[in-house]
Amino acid sequence: MNFWETITGNDLTREWKAFEARAGALPADHRAAWDEIKGHLFLYGDFTGRNLMPILDGALGLLEETATDGQSIHEVLGDDIAGFCAALAGGEGARSFRDRWREQLNRNVARKLGRLGG
Amino acid sequence: MGIHDIIEGKKQWRAHMARVKALPPDYQIVYKEMQRYFFKVGPVALADGSLLTGVVDFFEEGVAAGKGVLELIGNDVAAFSDDLIKDSPTYADIYQERISTKPGTAEE
Amino acid sequence: MDDLTEMLKGTLEGCVLEIIGSEETYGYAITRRLNELGFADVVEGTVYTILLRLEKKGLVQVTKRPSGLGPPRKFYALNDAGRQELATFWAKWEYITSRLGKLKEGGR
């Protein structure tokens, strides 16, 4: 059974619709990124949709939050959306992505605090 | 269900963000970057809300003590953030565990 | 001494337990105590993450008390489980230092 069937075949449908409604409210490029993220996560063959929901939820939450902040998609995800998705699902490369996020966090803090003028 | 609930728990989330906005700019910057990091990593502890409200509690104490944010938590914000979620599995961990213990089987 | 962070990591929790064990106290005071002891790199954020863990593990009793200025402060005291954990920490410490002492003597 593929992910779509799993999703549309049971009670996940409602949660899924809620996701899509939220995604619909995103600015265009964020919404495009959402579609791309979904596409990549579906590649993770054998999951049962439910396990994936919190991960999708987290990704969508990130997109919503950064859209509100006016951050560009590139600023948030970088070039490698596939790698980002692998990291989200905890698969290969998750560790190196976590390291990157860590560096990003410290770099952003340093840059923004610097802009504040100390 | 999950992380987004704390955002959509509207009134609560708005109250939470109002507290964040009342912090000095340097604290706000660090808080927002930390939150973004947590959203990416996806620790389960994020869902019950105590992780983020705990950070704001702690930050408010730091402000009251007249400290700058980096003075309070050190320069390595990522290390501080990781320390906060050290004991919390992430959604990805749970997902990976499920697919490795039940290969190819669908959930009931 | 600089750059103790890595080596101190495993023992800091025990240090905090010991400090709390001698009297009920709060995060900032614990940090100050550690700084005075010679661990200058320890910031309040580090202590905060440790206190959070101790609380989660059920080793401390937490009481919120109003402070002169700013938000109420969380005071920490050891409970029975905490005292037991502290005893275990020192036992482990004895063991490690005695082994390391032997190693140093034996190695020319």
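A cavity here is a set of grid points where a 1.4 Å probe fits but cannot get out. In this predicted model, five cavities of 30 Å³ or more are counted by that rule. The points below take up the second largest cavity, whose lining draws on chains B and C, and then turn to the make-up of chain A, which has seven helices and zero strands.

**The second largest cavity**

- The space in the second largest cavity comes to about 60 Å³.
- From chain B, the residues that line the second largest cavity are B:D83, B:L84, B:K86 and B:D87, while chain C contributes C:T49, C:L52, C:R53 and C:K56 to the lining.
- Two helices, α6 (77-84) of chain B and α3 (44-56) of chain C, each supply at least two residues of this lining, and the largest share, four residues, comes from α3(C).
- Sorted by class, the lining of the second largest cavity consists of five charged residues, two nonpolar residues and one polar residue.

**Fold of chain A**

- Read from the N terminus on, the elements of chain A follow the order α-α-α-α-α-α-α.
- Among the contacts in chain A with a separation of 6 or more, 65% are between residues 24 or more positions apart.

**Burial and surface of chain A**

- Chain A has 118 residues, of which 48% are buried, that is, under 20% relative accessible area.

Technical notes. Residues are numbered from 1 along each chain as its sequence is written. Chains are lettered from A and ligands numbered from 1 in the order in which they are written. This is a predicted model: local features need pLDDT of at least 70, side-chain atom pairs count only at pLDDT 80 or more; totals for chains, interfaces and linings use all residues. Side-chain values use heavy atoms; hydrogens and water are left out. On a 1 Å grid over the protein atoms alone, a cavity is a set of points where a 1.4 Å probe fits but cannot get out, and a pocket is an open set with protein on both sides within 12 Å along at least five of seven lines; lining residues have an atom within 4 Å of a point. Grid points are joined across faces, edges and corners, and a volume is the space filled by probe spheres set on the points. Ala, Val, Leu, Ile, Met, Phe, Trp, Tyr, Cys and Pro count as nonpolar, Asp, Glu, Lys and Arg as charged, and the others, Gly among them, as polar. Buried means under 20% relative accessible area, exposed over 50%, partly exposed in between (1.4 Å probe, protein chains only). Contact means heavy atoms within 4.5 Å.
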